[in-house]
Amino acid sequence: MLATGTESLLRQAREVGAEELGRFCARVSALLQAEDWGPDTLDALRRLFLIVAATKYSRRLEPACVALLQTALCSPRCPERLQLLCAAVLREMAPSDSLSLSCDHAQSSRQLGLVASVLLAQGDPQQVRTMGQRVIKVLESRQPEGPSLTHLLPVVSKVASLAPDALPGEQTKALSKRLGDWLRYASVQQGAAHASGGFFSAPRARQPGPVTEVDGTVATDFFTVLSTGQRFTEDQRLNVQAFSMLRGWLLQGGPAHPSATDADDRSELEGSTVSVLSAASTASHLLPPAEWLREKALEYCQRLLEQSGRRALRKADSDLQKACLVEAVLVLDVLCRQDPAFLYRVLPCLRALRTRLCGDPACARALLPVARFFLRHGEAAAVDADAVYQHLFTRIPSEHFHSPMLAFEFVQFCRDPLLLLGSNLDLLKTSFPNLFKFQAWSSPALTSEFVALLPALVDAETAVEMLHLLLDLPSLTAALDLQLRSSQAASERPLWDISVRAPGCLEALRDPQAQGLFQHLLRAKASGTTERLTPLHQLLQPLASCARVVQCAQAVPTLLRAFFAAVTQFADGALASRLALLLLERSDALFQVEGYEADVHRVLSSQFPALCKLHPPLVVEQAKELLEFVGSLGGPSGTGYMLTSVVWAIGEYLSVSWDRRCTAEQISRFFEALEALLFEVTQARPSTALPKCPPQVITVLMTTLTKLASRSQDLIPRVSLLLSKMRTLAQSPAAGPVHSEDDLGAVRTRATELLNLLKMPSVAQFVLTPSVEVSQPRYHRDSNTALPLALDMVSRLLEREASLLPG
């Protein structure tokens, strides 16, 4: 969080208008033109940088000011601090037509680095190529390494990623050789103290001592980024920079694609015997540059793996160990992909590393690149990495779900095509309860990742349990929050909503009667069973207003849509029936988060008809459960999404056309239940406990009753009387305060259309219960046979005042 003073400065910078900025540019121009390199110019350039950097949009500076900034940047007399500020201001302006910098303007390597940073921000491909070639020439020069070279390596790394073809082959080989030298042969002595003054100056001059390891012991091997000391030499700084760009250089630069000349050189060195040992024993000075860099990179990474096992004295060094460990494994992965001969030299140290990391909870993030390495190379090396994957999928999500960076990297690992297509997919599928802990805690940041991953996780065996879990995701978030509150020391707890107090929930967590439900909700693997968690929802209710729980609840509808999109691709009739019943069961058994129930009902109501369409006989097969669902409603909840969906499905699929087992007795039972429901929702007065019935529910109920009557014509007189009453009720003044005029008009219109249709029973049966052939999508694409047109035609035929002509 920014300090109050910093926020005030940023706000003032954003409020600077164009006119005021123009006057300030004139002042800066006057100082630069007079070559006043004093504190006034330094302060003015700082303010100018703050103004141009504080806004999202580009600021327009006066052309004269831009030209003077470029002149000062390339002036040999301008102090370094001022040149740094000039380059920073120009980078914020880029890309801009007013910039006219060129590599030729730089008179030193330090200036070349600053000019290059501006040109990279400008993004002109030709300038990037020219600059890259110029920088490479400076780096491959045989002059002793000086401070100037440290400014150029980051530029080369950026050029290699933006325009790899900008680096000529011979120059690339020369730089690869130098990178290998910097990695392996940096000085192991600390830098000398400054002769006079300076922040790190010692009271008296003395010979520099050797660098040390992170545990304080004197280093006995070559220098790496994990070596420590009070001061560092320039070649040690180049060592650190070389490692920071190593992986990108191997992937995008010359070493990733050795030329034919390098291949010929290597074949001459290796002779006719191709083996790992021969490569290791070859005199290193005879290797071509690409192979030289690979060899030194391997040695460097192996040294880092050894250093990462030391006990650091400072927390900063411990964090650096983990970061370097991850990078070292990634570099080893690149080396083995480019040359499989390295694989057998790398495996022993990675096996030992795997064992060490599995026993160290603090190194959970470092285990992911190791697992990815074995995923890519395990088969070639005949390595069984099941223990790593078991540890990953069972312990890490349960113990580290609150780490946002680990959560993202873990989900990215799960999306690796090699994992999704390999033999470990079954383990991934059964671990979905653990994986969704990341989603429950880190919504909405991971929602898109889980939408992409979900189709690989769900199958016929896990679909029902996964749907329960998705609907219980907000309560899982609350349970994880509660678990953290009760298990960790105050100094180790991650951030949460401190406004939520839940002493009763903490007591419930320790209640033996609730332990089983908590354990089921927090399980690590799919159990194949489901639990009704309504009692647990009540215990967790004080946490329902927690911001993290609310955010998770907002992500559930998106995940549900992804789930059903995947399930409908493979679901058979049995699974469709089970899922449909689950929707009915869970529609009134959701964790009570504000707005959550309505959002979920909106999704479930769209998916219930889709499941019925997938397996139309389920309406007849599950007639008892559907009748219980309709009969248990004392009125529609919320906006009546689920009720509307279920009633529509009954009217659409309760027919002999879809299932020969459908009987007149079943139709009559459904008719009576829906008739009673329609009477109840239209006669009851709205209240807090019983909200106003939406007109969509009334019209769907009327339409479904008419459909059922058209299939059992003994019911036509009853439905005709019912529709007449509904039309009369809609015209009654007593209905005015309850429903709007538009709602009443929709009810009257539907009742009139259905009454007119029932006057011709054969036509009604054709329109309301078309045969399966007529119901094919191809038929309904013809607008001349659409249901609204058929209803309108029948209404015109039966109204005395209407003529037979249209219009």
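This is a predicted model: local features need pLDDT of at least 70, side-chain atom pairs count only at pLDDT 80 or more; totals for chains, interfaces and linings use all residues.
### Exercise 1: the cavity

Find how many cavities of 30 Å³ or more the structure holds, and state which helices supply at least two residues each to the lining of the largest cavity.

Solution. 

Step 1. The count is 1 cavity of 30 Å³ or more. The volume of the largest cavity is about 60 Å³.

Step 2. Compare the lining with the helix ranges. Helix H24 covers 463-471 and helix H27 covers 512-521, and each supplies at least two residues of the lining. The biggest contribution comes from H24, with 3 residues.

Step 3. Sort the lining by class.

### Exercise 2: helices H33 and H34

Determine how H33 is oriented to H34, and which residues make the contact.

Solution. 

Step 1. Helix H33 takes in residues 623-631 and helix H34 residues 641-653. Their axes are 11 Å apart, and the packing angle is about 140°.

Step 2. Angles over 145 degrees count as roughly antiparallel and 65 to 115 as roughly perpendicular. The angle of about 140° therefore makes H33 oblique to H34.

Step 3. The crossing of these helices, H33 and H34, is left-handed.

Step 4. On the H33 side, the contact is made by Leu626, Phe629 and Val630; on the H34 side, by Met642, Val646 and Ile650. By class, this contact of H33 with H34 has 6 nonpolar residues, with no polar and no charged ones.

### Exercise 3: helices H19 and H22

Work out the orientation of H19 to H22, then give the classes of the residues in their contact.

Solution. 

Step 1. Locate the helices: H19 is residues 404-414 and H22 is residues 432-442. Their axes come within 10 Å and cross at roughly 135°.

Step 2. The crossing angle of roughly 135° makes H19 oblique to H22.

Step 3. The handedness of the crossing in which H19 passes H22 is left-handed.

Step 4. List the contact residues. H19 brings Pro404, Ala407, Phe410 and Cys414, and H22 brings Leu435, Phe438 and Ser442.

Step 5. Sorting the residues of the contact of H19 with H22 gives 6 nonpolar, 1 polar and no charged. Cys counts as nonpolar, which places Cys414 of H19 in the nonpolar class.

Note on methods. Residues are numbered from 1 along each chain as its sequence is written. Side-chain values use heavy atoms; hydrogens and water are left out. On a 1 Å grid over the protein atoms alone, a cavity is a set of points where a 1.4 Å probe fits but cannot get out, and a pocket is an open set with protein on both sides within 12 Å along at least five of seven lines; lining residues have an atom within 4 Å of a point. Grid points are joined across faces, edges and corners, and a volume is the space filled by probe spheres set on the points. Helices (H or I, at least four residues) and strands (E, at least two) are DSSP runs, numbered from the N terminus. Axes are lines fitted to C-alpha atoms, for helices over the stretch in contact, and angles run from 0 to 180 degrees between N-to-C directions. Angles under 35 degrees count as roughly parallel, over 145 as roughly antiparallel, 65 to 115 as roughly perpendicular and the rest as oblique. A crossing is left-handed if the near helix is turned anticlockwise from the far one by less than a right angle, and right-handed if clockwise. Contact means heavy atoms within 4.5 Å.
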